[in-house]
Amino acid sequence: MAGGSRDIVDAIFRSKSGLAGVLILMVILGLSIVALIYVPFDVSSKWNDITFWQLNPRLAPPSWINIFLNKKLPETVIIGEKDFIKYEYYVETAGLKYVTLEAKLDYSYDEYPSEIIAMLYVNDSSGMLVTLKWIQPNGIEIPLCRLIVGHGVTPIYIGNRKDVQEGLMNTMVKLGIVPPGTIKPEVLLFSDLNHPNSFEVLKGIYRFKIDAAIPNRNATIDSKLIVYGKVYGLAGTDSKRRDLFIGVVWGAPVALAFGLTTAILTSFIQTLLGTLSAWYGGLVDEVFQRITDIYMILPFLPILITISVIYKINIWTLLAIVVALSVFGSATKTARSMALQIMSEPYVEAAVSYGASRRRIMLLYILPRLLPYTMANIVLSVPSYVFLEAALSLLGLGDPTMPTWGKIISDAFEGGAVIHGLWWWVLIPSTLIIMTAIAFALIGLALDKVVNPRLRER
Amino acid sequence: MSEILQVKDLKLYYSTRKGIVKAVDDVSFVLNKGETLAVVGESGCGKSSMAIAVMRLLPRNVNTYQGSVTLDGEDIGKLDDTLLRKRVLWRKISMVFQGAMNSLNPVLRIGFQIAETLLEHEKITRKEAQAIAKNSLELVRLPGFIADRYPHELSGGMKQRVVIAMALALNPKIVILDEPTSALDVITQANIINLLKRLKKERGLSYIFITHDLAVASELADKVAVMYGGKIVEYGTAEQIYRDPQHPYTQKLMASIPTLRGEKKLEFIPGAPPDLINPPPGCRFHPRCPYAMEICKVKEPPRFEVKDGGKAACWLHEGNNVE
Amino acid sequence: MLSSIGILQVEDLKVWFPMRRLFRTTMYAKAVDGVSFTLAKGESLALVGESGCGKTTLGKTCLRLVEPTSGRLVYKGRDITYASAKELKWYRKEAQIIYQDPFSSLNPFFTVYRILEEPLLVNGIKSKEERTNLIHEALSEVKLVPLEDFINKFPHMLSGGQRQRLAIARALILKPSFIVADEPVSMLDASVRVEILYLLKDLQAMHGISFIYITHDIATVKYFSNRMAVMYSGKLVEMGGIREVVNNPLHPYTEALIEAIPDPDPNNRYVERKVVPGEPQNPIAWPAGCRFHPRCPYAMEICKVKEPPMEEIKPGHQAACWLRTKR
């Protein structure tokens, strides 16, 4: 039986569970690759930058749920500056420039938007008077608000403004319609005002008009209208409007890297220490075994919690600490007993008889025999480290800036996802963690034959 | 001398990953009452498989099992497994397995283990079984207090005696012994062989004694069957086999055994025993036989009668009657 | 054939293994308890005894694979009893071992080529060409030919006899002067044993290597050795030329041993063999006085009290027995 690594590859690809595991792993790896290509910017800094995610709806479920719904939820519609039709004219006598911006919005969704925000971009040293109007496909014109706008970017939260609500109410009264008790602009602006209680979206072409009276001839005004949808993207958004798909995709390589790196480091170090313990024997062996015992008793999580409460740690420091707390472990003991078995075989003694040095015997004779076991050990311990990272993030102890899967779940809990039924926020990252764990467990199952010598046939 | 065991055309093939192992391939012999038949051969010749084939203790991966085994006039092939276990195994014929002394349960006392054998087969109380167990220890010349000891407290020779006691627990008439002394030192081996000789005389037992050691076999053998490649290649009385072997393999085997007394130039047989999955065509010994003829490479020789009632499966004796 | 100065001198060698005890007194397993002999240059000495008598431990201690507890080992005039590993580097080229189990004594991960290359690499044979030549030479000597058939095989692909040849080739490749062969043929088939014994004999004659041939099978010793030493309970009880010892054993244990061994003779079944009872004691508590006395049919009072010294009873034939001693 030669080439232990060949054994491993064989075992994995020959069994059904191994293949299934590898398949799932490919998917997750694929996500990681997507992460590196599709999301080229530095996610961890942008993740906490609120302005970056402005154009996404808040707490929106993923857009594919529309497949299962009769009444399709709307996606966000953004009418940019270039899509506004601009009329400008100057009245000498009044000394005013009149600018009208008009946007057409073809709304055909079954459901109402979640928010409506108009952005006004004003380049003016003094102020200007701006009037916003809303014209429904049925021709009803609703005055939204009138205000003085200064230089810079002014967001107008059409859904929240009292003057918008008054404007709606007055319009209805003028039409002789009884207004409903609560006036929600997002709903009423998009319902046939003749039938305000119908709760049916009026589909058609809407017009949004901005009239500005500008004293300063050189001033300009532009606008962007954002009609926020109720669904977004592949994984929805969270309370800070962040695209969860990006967060989740970015979490993939982090989870894998953390899990694999920790698993590889701890496995190798433990095996090496176990072998050294066996080879030197005597006092060294005793000391190593006692240290291992102590390490195995130490409560892992409480120590980590203590450390991360005192010091704010980032993810790589966390990795270092985890490895440091795991250099001696169960693999040390197993590796030691396996090494002892190998050492008792005559061919090892024969090597001494022709003068092989200790180091040579350990590296060439003993460690290669232990390699299949180490590999299997790595695979089997990856899930625990992935879970560990997620658990720490969940407890709020992980890296606060990196969007790892655990962090996303942690944010979800803090954001009341469970209470408000925001299932996508919790389930999508959790499923990915579980799938990763299952993938490695399946591969580990296939490797069981390699690890357990009794199952092997000579 | 009446025939107590007749084995005819016994076949036992195993399925393995590498193919079908033809471990026992058309083996026939006869055992008379009070006689010892030694089955000798090198490792991998199928002698141990033959023992379990006779007792029908078949493993899971058995592929073919054919042939007739007639014990005390009864064709035991016709009995189902339960009847076989109840009426035949251990009562009429029992076995001392290879390495059995190392398979004693280390956490149970000796007396308990012997008693277990009895309780499996007889409806007696535990107290009765323990008493019989103590007696059987006397049979193998072990002091009674051994019953209270654990296997690790016993020496190799003592453990082997215990195993023999277990095999004799129900007074069978035939005992199959598979390499009962290979793991023992020379002096202990001599002691055990003496014990076996005595028991045979006192109780009129018949033995099938399986070993690779021709010298030890001569200590007990009345008749010898030489196995090679799953077949019996020569069969005859001990005098014939040891003094005037007729099959080239037996001849070469005899010539390759070092003897303590006397000066003998040793010969060795070049090559290695055959692969039982793909045995050579024709006579299985032909690749190593110094007298191999053309026919040997093609056709398997039947067993020809040779002098004094012996049989040899070799084309050199083609002129004689076929068995 | 005996040269006056042996290649190896063993003086009162003791190898005691401490057994763990809870109390302050440590018990020792006295595997080798005062053994002295001289191995002549080019000689093959058979070391005979039953299991547990200490012969394997003695053989390995002569190679310094086991640490001696007391006594002296002198090889080619140099005292190697307590030499450190570094000081022993030269000894590792001089003295080799052949094991009993031809499978576990070969690294299952290495090919035949690699197994033979290891000793060369370890001992600084730098040129690949030189190594290959030496390897081919070694394989030819043990008749593992044609070379291409074997060079790239792994041990599990070879038969038992072939593996043992490989083990012998490995022992020879450094051109040693001294080899300990520990039961080299007991795990081989009967028809193969002779082949290997004769091979060892030829190689010994050709290269003048001194051998210690450890075995429990006395019947084989005359085919490969000329002198034999009988070991019992950690001590040598008899030593002399093989034919002399076999035909005229002086020590009761040797006598018992020889009596117990059957030759293939169909008349054996008619008689009960004369045997001594009992089995060897365990190495922690050898009996007082002569260690064989509990089983000895000739035991006298002195035997229970005082250990007999090893004396030359006849020229070239020594024994340790109160029955035979001249005093």
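Biologist: How many residues sit between β9(B) and β10(B) in their hairpin?
Modeller: Two residues. Bear in mind that this is a predicted model. B:Gly229, in the turn, has a positive phi of about 60°.

Biologist: In which sense do β9(B) and β10(B) pair, parallel or antiparallel?
Modeller: Antiparallel, over six bridges. B:Tyr228 stands opposite B:Lys231 in β10(B).

Biologist: And how does β3 of chain B pair with β9(B)?
Modeller: Strand β3, residues 36-40, pairs with β9(B) in the parallel sense, over four bridges. There, B:Leu37 is opposite B:Lys223 in β9(B).

Biologist: Is β9(B) buried or exposed?
Modeller: Buried. Six of the six residues in 223-228 of chain B are buried, so the strand is largely enclosed by the rest of the structure.

Biologist: Which residues are on each side?
Modeller: B:Lys223, B:Ala225 and B:Met227 are on one side, and B:Val224, B:Val226 and B:Tyr228 are on the other. Both faces are covered. In a regular strand, side chains alternate between the two faces of the sheet.

Biologist: Changing topic: which non-glycine residues have a positive phi?
Modeller: Among them are B:Asp26, with a phi of about 65°, and C:Arg64, with a phi of about 60°. Most residues other than glycine have a negative phi.

Biologist: Where are those two?
Modeller: B:Asp26 lies in strand β2 of chain B, residues 19-32. C:Arg64 is in the loop between α1 (55-62) and β4 (70-75) of chain C.

Biologist: Why does C:Arg64 count as buried?
Modeller: C:Arg64 counts as buried because it has 21 C-beta neighbours inside 10 Å, and the cut-off is 20 or more. B:Asp26 has 18 other C-beta atoms within 10 Å, so that residue is partly exposed.

Biologist: Where is the cis peptide bond in chain C?
Modeller: Between C:Val145 and C:Pro146, with omega about 0°. C:Pro146 lies in the loop between α4 (128-141) and α5 (147-151) of chain C.

Biologist: How many residues of chain C are in contact with chain A?
Modeller: 21 residues of chain C, in contact with 16 residues of chain A. On the chain C side, α2 (89-94), β6 (95-98) and α3 (112-122) each supply at least two residues. By class, that side has 11 nonpolar, five polar and five charged residues.

Biologist: Last one: what are the domains of chain A?
Modeller: The domain assignment gives domain 1 as 4-50 + 241-455 and domain 2 as 73-228. Their C-alpha centres lie 55 Å apart.

Definitions and conventions
Residues are numbered from 1 along each chain as its sequence is written. Chains are lettered from A and ligands numbered from 1 in the order in which they are written. This is a predicted model: local features need pLDDT of at least 70, side-chain atom pairs count only at pLDDT 80 or more; totals for chains, interfaces and linings use all residues. A residue is buried if 20 or more other C-beta atoms lie within 10 Å of its own, exposed if 12 or fewer, and partly exposed in between; C-beta atoms are placed from the backbone. Two strands pair if DSSP finds at least two bridges between them. Two residues are in contact if their C-beta atoms, placed from the backbone, lie within 7 Å. Ala, Val, Leu, Ile, Met, Phe, Trp, Tyr, Cys and Pro count as nonpolar, Asp, Glu, Lys and Arg as charged, and the others, Gly among them, as polar. Domain bounds come from an automatic or database domain assignment.
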